[in-house]
Amino acid sequence: MQRSRIRLAQREKKLKMEKWRATINLRRSLKSILYRRLSPVSDFTYFNEKMSFQASFNPIRDCKSLGEVKEIQYRYFSSVSTLVQRNPSFSMLNSDDISYFKRLLGEKNVIQDDDKLETANTDWMHKYEGSSKLLLQPRSTEEVSQILKYCNSRCLAVVPQGGNTGLVGGSVPVFDEVIVNVGSMNNIISFDKVSGILVCEAGCILENLISFLDNQGFIMPLDLGAKGSCQIGGNVSTNAGGLRLVRYGSLHGNVLGLEAVLANGDVLDMLGTLRKDNTGYDLKHLFIGSEGSLGIVTKVSILTPPKLSSVNIAFLACKDYSSCQKLLMEAKRKLGEILSAFEFLDNQAMDLVLHHLDGVRNPLPASMHNFYVLIETTGSDESNDREKLEAFLLSSMEGGLISDGVLAQDINQASSFWRIREGVPEALMKAGAVYKYDLSLPVEKMYNLVDDMRIRLGNLAKVVGFGHLGDGNLHLNISAPQSDDTILEQIEPYVYEWTSKHRGSISAEHGLGLMKANKIYYSKSPGTVQIMASIKKLLDPNGILNPYKVLPHSLNS
């Protein structure tokens, strides 16, 4: 018994040393990349830049000795000539691969059932569909490590998957990539009530974490409409924004540490729980928002704020977008530290919700208004917070910023107000085909794009605008009875060009995925993309992790 304990202790010590060495080696390698001198480039060298990137990052060249070259395959996505070629250096799945994974994971965690594969191959919007023949469900970091080590040796492409609630095709295969779903890794590891630090596995569903923390007297700093399905690993990997960003900031600020598995199976232990740590490069930020293209996140430590007793929600109407902007400015000044959400939707969005969602009614039924705003405050003094909010609403009404409004009197009314805002994406799906654009823009310019698109499209489609006004995030949606090439040709690339012209971001919180990989230059300079490609090459030299996503396809073929 004593000898077995000694052997176990030695094994654990060896594993910790391997993780430590992997992290140190990554830091050294990154230093060499980031110290390379970049030559200045201009916007006019775009195509030359792409060609030079291909020379520096070429998975076909780097992996050709490992994977047999098969017949070249192509796929079209949308109608704007988005042609994707399967990387011929990636191997094809065979019976030996299946046997290995069954020995590693057990038969029940190696999924080949057609119905289950169809679900895993298809994104939430049914816009992107892969043809993977294998879904793996690891239960531990060690199993993820062994999966990636094997896939890298065989040059089998891999798609990391969580709740599969993404909107840009980032969480489903493009071709026959092996799907690695971390949903079975759903344990809460620890929670410290003093510091409010939660440590959990990547497969934890966001709503379950919200419920757990609620019972502990805390809240998640992240809240999304898809919280019932999305997983924290996917949230971190896409740097999800959501409804509370105006109060609590992004995940770059709230995630204290994480554990990730690299393409070669190395486990990077960055699972710190300290709010202060200035020991070198903070590598966790590479994996927050990289969409599984650099490594698979397996564990997360996140700082959670205490649950405050006073929550108030107001649903308001404004006559024009200018009034919405001024209302936001006044809310920041007069509500200050208790302001926790500031959401807006236009009358087109409200109309869709009322017509397509059962049980939803307009809280301001006298007439349809041009714009609606949802304001939430969260504080610790119920009487004072309510008084502060009411005073703000009264002055805004007197100043003509608010046309009408109502304060939630109980939890049911508050939920019904949120149902309207969170139900817009669902209503759009029920209305027919929808073209979705998640954009970050200067607040004063944001709705100009909606107006411009209405002029541009005329009667071809309905243009809907809603989003997180508090942090300048517009969800531009174009709704039509069915998909139409004529409509899409009017939307793209105009939307991206308009956003770039106003120095916005073509992806505020949804990521790039497959949909926007080739559009990255609208928001990022060639030099910046070159650094991204170098980091990808360092961490995933064979390019097996989530291929065809994030970076332009010219860098992945």
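Is Lys 299 buried or exposed? Lys 299 is buried, at a relative accessible area of 17%, where buried denotes under 20%, exposed over 50% and partly exposed the range in between (1.4 Å probe, protein chains only).

The model is predicted, so local features need pLDDT of at least 70 and side-chain atom pairs count only at pLDDT 80 or more, while totals for chains, interfaces and linings use all residues. Residues are numbered from 1 along each chain as its sequence is written, and side-chain values use heavy atoms, with hydrogens and water left out.

**View 1. Salt bridge between Lys 299 and Glu 259.** The side chains come to 3.0 Å, N to O; a salt bridge is a side-chain nitrogen of Lys or Arg within 4 Å of a carboxyl oxygen of Asp or Glu. Because Lys 299 belongs to strand β11 (residues 296–303) and Glu 259 to strand β9 (residues 255–261), the pair ties together parts that are 40 residues apart in sequence. Helices (H or I, at least four residues) and strands (E, at least two) are DSSP runs, numbered from the N terminus. Glu 259 is buried, with a relative accessible area of 3%.

**View 2. Salt bridge between Asp 346 and Arg 454.** The closest N and O atoms are 2.9 Å apart. Asp 346 lies in strand β13 (residues 339–346) and Arg 454 in helix α17 (residues 443–457), so this contact ties together parts 108 residues apart in sequence. Asp 346 is buried at 0% relative accessibility, whereas Arg 454 is partly exposed at 25%.

**View 3. Network of Asp 223, Lys 227 and Glu 422.** Salt bridges with shared partners join these three residues. Between Lys 227 and Glu 422, the closest N and O atoms are 3.3 Å apart. Lys 227 sits in the loop between α7 (206–216) and α8 (232–238), and Glu 422 in helix α15 (residues 411–422), so the pair ties together parts 195 residues apart in sequence.

**View 4. The second largest pocket, with a volume of about 920 Å³.** On a 1 Å grid over the protein atoms alone, a pocket is an open set of points with protein on both sides within 12 Å along at least five of seven lines, and lining residues have an atom within 4 Å of a point. Grid points are joined across faces, edges and corners, and the volume is the space filled by probe spheres set on them. Of the 32 lining residues, the closest to the pocket centre are Arg 244, Val 311, Glu 376, Ile 411 and Trp 418. Helix α15 supplies the largest share of the lining, 6 residues.

How values were computed
1 Å grid on protein atoms, 1.4 Å probe; cavity = no way out; pocket = protein on both sides within 12 Å on 5 of 7 lines; lining within 4 Å.
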